[in-house]
Structures are given as structure tokens and as C-alpha cells.
Amino acid sequence: MTAGTIYTVTVKNTLGLEGSNETLGQDYSFAFETRADSPQNSPNSSEGWLSVSRSFIETNSTEGPVVQIYARNITDKINTGVYKFNNWEQYFESVKQRDQLPWWSYSKEGYTEDVSKLNKVLSLDLDIQTEDNTQFLRFPDKLDKGFYLVELVGPRRTHQIWMQVNDLA
């Protein structure tokens with residue numbers, strides 16, 4: 001089996017119990033995921049570690065966005081890229097693509113959108129800030145209304161956040 005892959009198994013409805021005329025009656029399917037070759041560092045690791053609190057956030061257009069994170073043993077700034085979707089349809093298609101992966105899979109957490117088809121609108125290095133034991137990144141400037149993908153480059157992997165900016169937030 002290939003590492004880091006989701007497999008689906010289907011047991012056919014004709015499967016019977018030995019010594020009985022009874023069968024399963026209907027097909028039964030289940031899925032599982034094999035472990036990746038190099039598992040992600042856990043928060044207990046002594047190496048640098050970064051994770052995002054939420055993959056989807058909504059914010060307003062009147063102040064710089066704030067993104068809650070979890071970080072350990074990181075002293076550098078977080079390299080951050082902001083990409084703008086052309087419209088809500090492109091944003092929604094991106095979300096649908098990501099959501100094809102099962103909610104329980106590690107692959108979903110590691111899913112990354114191909115940013116080559118998006119317009120990069122901002123690139124900056126952000127300091128990790130802490131207030132009341134909550135870690136976050138604060139953008140220095142507001143973003144225009146629209147749909148964005150925020151990319152945070154951590155020590156072990158890149159994290160992405162889908163962001164909607166509107167004044168309903």
C-alpha cells in the first residue's frame with residue numbers, strides 16, 4: 001500500500017456466513033488512510049511546530065485580519081502569502097475540492113490549494129503574538145472585500161486558510 005493514501009474497501013452484498021443461507025444483504029463500504037512516510041511533528045516535539053486554529057475564517061474590511069495559530073519553538077517570523085480568488089465561484093470550487101477528502105483524514109489537514117492560478121496580493125513576515133495565552137498573527141493592513149487564500153509557511157509544512165473579507169463579519 002502507498003503511504004498517505006485513502007483506500008476504500010467494499011464488501012459485496014453476496015458475502016455469506018459459512019453454514020448459513022444468510023448474506024450481508026447490501027454492499028458495505030469503509031475507508032481508511034495509511035500513515036504518511038514522514039508523520040507531522042506533534043506539539044510535543046522539541047522541533048519547531050506550527051498549526052492553524054481554523055481553516056476557514058471570516059473578517060471585516062475595516063482592520064487587518066487576525067489569524068489564531070498554535071506554535072511551539074518558533075523564534076522566526078512566519079512567512080505569509082495572501083492570494084486572491086477571482087470570484088466566489090473560484091473560492092467555492094477550491095473549498096469543494098478540499099472537502100472531497102474525508103473529515104477524519106490527515107490528508108485533509110495537509111491539503112494545499114495550487115496557488116499558481118491565484119493572484120498574489122501580499123507577501124509579508126509576521127511575528128507570532130500572544131495575548132491571554134492565545135497565539136495569533138495580526139496583519140498590519142486591512143484587505144479589500146473578497147475571497148482569499150492565506151498561506152503560512154511553518155517549519156515542517158505549509159498551512160492554508162480560506163478567508164472571506166466582508167463587512168458582515
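Mentor: A polar contact is a pair of N or O atoms within 3.5 Å; within protein, one must be able to donate a hydrogen and the other to accept it. Please keep in mind that this is a predicted model.

Trainee: Which side chain does the side chain of Arg 157 make a polar contact with?

Mentor: That of His 159, at 3.0 Å.

Trainee: And where does Arg 157 lie?

Mentor: Arg 157 is in the loop between strand 10 (146-153) and strand 11 (158-165).

Trainee: Is Arg 157 buried or exposed?

Mentor: Buried: its relative accessible area is 14%, and the cut-off for buried is under 20%.

Trainee: Turning to helix 1, which residues are buried there?

Mentor: In helix 1, which spans residues 88-98, the buried residues are Gln 90, Tyr 91, Ser 94, Val 95 and Arg 98. They lie on the same side of the helix because they cover an arc of only 140 degrees around its axis. An α-helix has 3.6 residues a turn, so residues three or four places apart point the same way.

Trainee: What caps the N-terminal end of helix 1?

Mentor: Asn 87 does, with a side-chain oxygen 3.1 Å from the backbone nitrogen of Glu 89.

Trainee: How many residues are in the largest nonpolar core?

Mentor: There are 19, and Val 67, Ile 69, Val 150, Leu 152, Ile 161 and Met 163 have the most contacts inside it. Elements giving two or more residues to this core include strand 5 (66-72), strand 10 and strand 11. A second, separate core has 10 residues, among them Phe 85 and Leu 149.

Terms used: Residues are numbered from 1 along each chain as its sequence is written. This is a predicted model: local features need pLDDT of at least 70, side-chain atom pairs count only at pLDDT 80 or more; totals for chains, interfaces and linings use all residues. Side-chain values use heavy atoms; hydrogens and water are left out. Buried means under 20% relative accessible area, exposed over 50%, partly exposed in between (1.4 Å probe, protein chains only). Helices (H or I, at least four residues) and strands (E, at least two) are DSSP runs, numbered from the N terminus. The arc is that of the directions from the helix axis to the C-beta atoms. A nonpolar core is a set of buried Ala, Val, Leu, Ile, Met, Phe, Trp, Tyr and Cys residues joined through side-chain atoms within 4.5 Å.
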